[in-house]
Amino acid sequence: MAVLPLLLCLLPLAPASSPPQPATSSPCPRRCRCQTQSLPLSVLCPGAGLLFVPPSLDRRAAELRLADNFIAAVRRRDLANMTGLLHLSLSRNTIRHVAAGAFADLRALRALHLDGNRLTSLGEGQLRGLVNLRHLILSNNQLAALAAGALDDCAETLEDLDLSYNNLEQLPWEALGRLGNVNTLGLDHNLLASVPAGAFSRLHKLARLDMTSNRLTTIPPDPLFSRLPLLARPRGSPASALVLAFGGNPLHCNCELVWLRRLAREDDLEACASPPALGGRYFWAVGEEEFVCEPPVVTHRSPPLAVPAGRPAALRCRAVGDPEPRVRWVSPQGRLLGNSSRARAFPNGTLELLVTEPSDGGIFTCIAANAAGEATAAVELTVGPPPPPQLANSTSCDPPRDGDPDALTPPSAASASASAKAADTGPPADRGVQVTEHGATAALIQWPDQRPIPGIRMYQIQYNSSADDILVYRMIPADSRSFLLTDLASGRTYDLCVLTVYEDSATGLTATRPVGCARFSTEPALRPCTAPHAPFLGGTMIIALGGVIVASVLVFIFVLLMRYKVHGGQPPGKAKAPAPVSSVCSQTNGALGPAPAPPAPEPAAPRAHTVVQLDCEPWGPSHEPMGP
């Protein structure tokens, strides 16, 4: 009997000795391996041939591996309620689309692997909710655009960002500058052509920056590199500098890269791509004195311009230098000009005034500047009174030109002086190339024989107008000494050069040698006397046709009025009895008795009148006239 109380005391303790069971248990997806017996829970489905995220996932899982499958999209419901997920791998799938908010419930996620997919862009809402993300791997995609707010939710926690092997030409540099805890930044194997100055200045913990194999010609200095010795490092580890990889870029080794050359580096993969004197040389073997720049030189500017008020005007300025100079404009009043409602400044050095005013007249200054210095040039603009209005039907014309209006004529004294004035603003013309004849749209170019140059293959003519920057090329046979240009615009100034294309006997390569240059101006187009314009003829015909119609209507009205008067005030064809208008009356001599006359209508007002006795018989369609 003493055993029974002991058993009753042990019964409540029996359930407590069994292991706890999960409240709900989801089945493991097919072809997946699930670890649900102990924490942390994991679902492993690598290479399972999945076409989509399995819907029967255990929402308590802390690790989910779906790499090497054929998943094409991540939907909003695929990862819903997985609030405890820490690691998510979607690598090497065929993902093209990630729904906005697809990761919104993964607030505990630490690592997200999306590499090896087919993403083309990343928007602002696709990574929303990842407030604890530390590792984001987006390499080997087809990314061409990254939204400025795509990384906002994880900007304070992100430590590793890999954007390598994509198609990125631009990056949201301001957003990247807010990644204060990032240690590794991979930008290699993209299409980046430039990096703005100070892009990495706020990345105080950056330890590795990879910009290998882009299109960078220069790397601007950044305050980050001066703070490298202050970076924290593990105790006992040797002092290490920032790992900066920039090999495989077409570096232009000039004075802008001297700061990089002065860094103490151990890697030896970088090389110079330009200038030609340094092309192909090992970057760290080039002396600092060889990293030089060339000050800018203005090579072309607009000649003095005169435009009427209210018309547009384009001022052009071209400069060369190393690095490429930046062109700015200063107004006659000393103000720096930029884009506004009345002016537009283009990167190629052109300043366009959309609507000129009399106050715009004066000397505009073109300033070309680079790291080596600056150069200036003056362009004069004269703004005259607005032109008088022109009549659309005007038939005035210029005096006719003998023969073909496009025929070539020798340069006149006026055109020669104009060409000389234009030449004063540019390089002097070479006497070896001459423009012997020119017209409004054609010019005859001649140059001397170049037989002393062996191996001549052809001649090349290149020219452009002062009104545009498009360089036109013409290839001429080697036995030619002249060429007729027939595609010119009237009233413009042209810069033309002739080059000899020959085979260099020393190198066996094709080379060019200038023969000479010339500047000339085509004649303004003259308007020949022609027949009246089509609008004039059309207006005349319309007026004449309208006159004929009006005259016809007036004649028709006159005929109706005459018939109305003849029939006594009643329209013809209406027989009213008795109606004087519808009766034919004849004066009788008394031989026949007068027919009874119908009663006359009462007059509106009494007036004097003469009474004539008439013998009248009603006339109508059923009555025939009476015989004598």
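A disulfide here is a pair of cysteine sulfur atoms within 2.5 Å, and a search of the whole structure finds six of them. Welcome to a short tour of a predicted model, in which local features need pLDDT of at least 70, side-chain atom pairs count only at pLDDT 80 or more, and totals for chains, interfaces and linings use all residues. Residues are numbered from 1 along each chain as its sequence is written, and side-chain values use heavy atoms, with hydrogens and water left out.

**Disulfides**

- Let us begin with Cys497 and Cys517, which form a disulfide with sulfur atoms 2.0 Å apart. The torsion about their S-S bond is about 105°, so this disulfide is right-handed.
- Cys497 sits in strand β32 (residues 493-503) and Cys517 in strand β33, so the pair ties together parts that are 20 residues apart in sequence. Strands, like helices, are DSSP runs numbered from the N terminus: a strand (E) has at least two residues, a helix (H or I) at least four.
- Cys497 is partly exposed, with a relative accessible area of 22%, and Cys517 counts as partly exposed at 28%. For these labels, buried means under 20% relative accessible area, exposed means over 50%, and partly exposed lies in between (1.4 Å probe, protein chains only).
- Another disulfide joins Cys253 to Cys272, with an S to S distance of 1.9 Å. This link is left-handed, with -100° about the S-S bond.
- Cys253 lies in the loop between β15 (251-252) and α4, while Cys272 belongs to strand β16 (residues 272-274), so parts that are 19 residues apart in sequence are tied together by the pair. Cys253 is buried, with a relative accessible area of 1%, and Cys272 counts as buried at 3%.
- Cys28 and Cys34 also form a disulfide, and their sulfur atoms are 2.0 Å apart. With 80° about the S-S bond, the link is right-handed.
- Cys28 is partly exposed at a relative accessible area of 37%, and Cys34 counts as partly exposed at 29%.

**The ten-stranded sheet**

- Ten strands form an open sheet with mixed pairing, in the order β1-β2-β3-β5-β7-β9-β11-β12-β13-β14. Two strands pair if DSSP finds at least two bridges between them.
- At the edges are β1 (33-35) and β14 (243-245), each of which pairs on one side only.
- Neighbouring strands of this sheet are turned by 5° against each other on average, direction ignored. The axes behind such angles are lines fitted to C-alpha atoms (for helices, over the stretch in contact), and angles run from 0 to 180 degrees between N-to-C directions.
- Within the sheet, strand β3 (residues 63-65) and strand β5 (residues 87-89) pair in the parallel sense over three bridges. Here Glu63 stands opposite His87 in β5.

**The four-stranded sheet**

- An open sheet of four strands runs in the order β30-β29-β32-β33, with antiparallel pairing.
- Its edge strands, β30 (472-477) and β33 (510-521), each pair on one side only. The twist averages 20° from one strand to the next.
- Strand β29 (residues 456-465) and β30 pair in the antiparallel sense over six bridges. Tyr463 stands opposite Val472 in β30.

**Nonpolar cores**

- A nonpolar core is a set of buried Ala, Val, Leu, Ile, Met, Phe, Trp, Tyr and Cys residues joined through side-chain atoms within 4.5 Å. In soluble globular proteins, nonpolar side chains tend to be buried together.
- The largest core has 76 residues, and those with the most contacts inside it are Leu88, Phe103, Leu112 and Phe200.
- Helices α2 (173-176) and α4 (258-261) each supply at least two residues of this core. The largest share, three residues, comes from α4.
- Leu112 touches several residues, including Leu88, Phe103, Leu127 and Leu130, not counting residues up to four places away in sequence. Contact means heavy atoms within 4.5 Å.
- A second, separate core of 18 residues includes Ala309, Cys317, Val379 and Leu381.

**Aromatic rings**

- A search of the whole structure finds eight aromatic pairs. Rings of Phe, Tyr and Trp (its six-membered ring) pair if their centres lie within 6.5 Å; planes under 30 degrees apart count as stacked, over 60 as edge-to-face and the rest as tilted.
- Ring pairs link Phe246, Phe283, Trp284 and Phe291 into a cluster.
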